[in-house]
Amino acid sequence: MHKGMMGLLSAAVMVAGMATSALAADKYVIGYDNYFMGNSWSVQLAAEFEAEAERMADRVDVVYVESEGKTEKQISNIEDLITKGVDAIITTPNSPTALIPVLKKARAAGIKVVLLASTIKSQDYDALLTVDDVAIGTAGATWLVDQLGGEGKIIALNGIAGISVSDDRYKGAKAVFDANPGIQILSAVDASWDYAQGKLAVSNLLAANPEIDGVWSQGGAMTLGAIDAFEAAQRPLVPMTGEDNNGYLKRWKALESTGFKSIGAAKPTWLGSEALKVTVDLLDGKDVPRDTLLPVPTITEANIDEYVKPDLSDSFWASTRLSDDQVKATFAN
């Protein structure tokens with residue numbers, strides 16, 4: 001377990017099992033469902049939330065639960081939060097459909113539901129904070145088609161099957177590729193936005209395909225794995241899309257002089273911080289937009305120096321509200 005999450009668990013022990021009425025009357029009780037800890041982006045998302053919770057400690061107490069990327073566990077965790085009588089639940093749905101009944105139940109109990117970075121196929125929530133994931137997929141695919149002059153064989157690296165983030169990004173990319181018949185998708189694989197899974201998947205695809213002209217990846221850590229797989233196979237690097245993962249940005253910067261081309265579309269981890277702010281605003285009775293879809297920050301050759309942090313961990317994600325010290329603590333070995 002990452003050291004940066006020890007505070008989450010200790011806080012959970014302190015708050016779990018306490019009814020709302022037993023807490024300070026001037027504080028809200030927020031249930032935070034930590035949906036997944038299997039990649040560095042999700043670790044930093046949770047760290048952003050925890051840092052904001054510490055800043056707002058005079059206004060909120062937090063009940064932390066962890067769903068491990070498992071839909072059934074997420075449903076059970078939300079049921080527990082309902083039983084505890086929290087004022088609001090913040091969750092990143094692992095399924096766009098399976099959580100709908102339990103979220104309906106939460107709202108029927110007067111609990112505010114805030115969706116963080118992933119959505120559901122219903123209106124059974126009070127606020128959504130995310131980036132337009134279809135636009136992320138579209139931006140990378142459009143760039144890749146342009147780099148290849150509309151002709152070439154490519155591979156696609158997706159996140160976790162069934163989560164709206166991954167499905168929407170590929171939906172945006174696939175529409176672009178379908179509109180360009182000269183582009184052939186050799187294979188589209190799920191690699192969980194993870195470096196090791198991305199490297200393994202690309203290694204296997206390189207072994208099976210003598211010609212790969214481009215890589216569309218919806219995650220920076222997967223792209224870093226793709227680069228390493230190409231180099232291990234002694235294959236020339238091809239244009240690749242990525243994100244704002246620091247390890248990837250470092251490698252991209254280092255490879256610029258070799259002619260390597262890339263683009264990064266970012267989904268800020270500070271969404272975790274913003275979700276808590278919006279939740280408190282909701283509970284305060286303020287007018288909060290139901291859906292907040294942030295524009296997609298894009299990293300190019302022209303602005304990469306504004307994002308890359310050579311002195312920070314490869315696991316760090318550039319679009320953050322964490323201080324450098326908080327980043328170092330989150331990704332301490």
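**Exercise 1. Find the handedness of the crossing of α5 and α6, and describe how the two helices pack.**

Step 1. The crossing of α5 and α6 is right-handed; a crossing counts as right-handed if the near helix is turned clockwise from the far one by less than a right angle, and left-handed if anticlockwise. Helices here are DSSP runs (H or I, at least four residues), strands are E runs of at least two, and both are numbered from the N terminus.

Step 2. A word on the source: this is a predicted model, where local features need pLDDT of at least 70 and side-chain atom pairs count only at pLDDT 80 or more, while totals for chains, interfaces and linings use all residues. Residues are numbered from 1 along each chain as its sequence is written, and side-chain values use heavy atoms, leaving out hydrogens and water.

Step 3. Helix α5 (residues 133–147) packs against α6 at an angle of about 35°, and the axes are 7 Å apart. Axes are lines fitted to C-alpha atoms over the stretch in contact, with angles from 0 to 180 degrees between N-to-C directions.

Step 4. Now look at the contact (heavy atoms within 4.5 Å). Residues making it include I136, T138 and L144 of α5, and V165, R169 and F177 of α6.

**Exercise 2. Work out which strands pair with β5, and how β5 is covered.**

Step 1. Two strands pair if DSSP finds at least two bridges between them. Strand β4 (residues 112–116) runs parallel to β5 and is joined to it by three bridges. L116 has L129 as its bridge partner in β5.

Step 2. Strand β11 (residues 291–294) also pairs with β5 in the parallel sense, over four bridges. Here L129 stands opposite T292.

Step 3. In β5 (residues 127–131), five of its five residues are buried, where buried means under 20% relative accessible area, exposed over 50% and partly exposed in between (1.4 Å probe, protein chains only). A127, L129 and V131 cover one side, L128 and T130 the other.

**Exercise 3. Describe the aromatic pair of F49 and Y64.**

Step 1. Rings of Phe, Tyr and Trp (its six-membered ring) pair if their centres lie within 6.5 Å; planes under 30 degrees apart are stacked, over 60 edge-to-face, and the rest tilted. By this rule there are six aromatic pairs.

Step 2. F49 and Y64 are edge-to-face, at 6.0 Å centre to centre and 90° between the planes. F49 belongs to helix α2 (residues 40–55) and Y64 to strand β2 (residues 60–66), so the pair ties together parts 15 residues apart in sequence.

Step 3. Both F49 and Y64 are buried, and together with Y32 they form one aromatic cluster.
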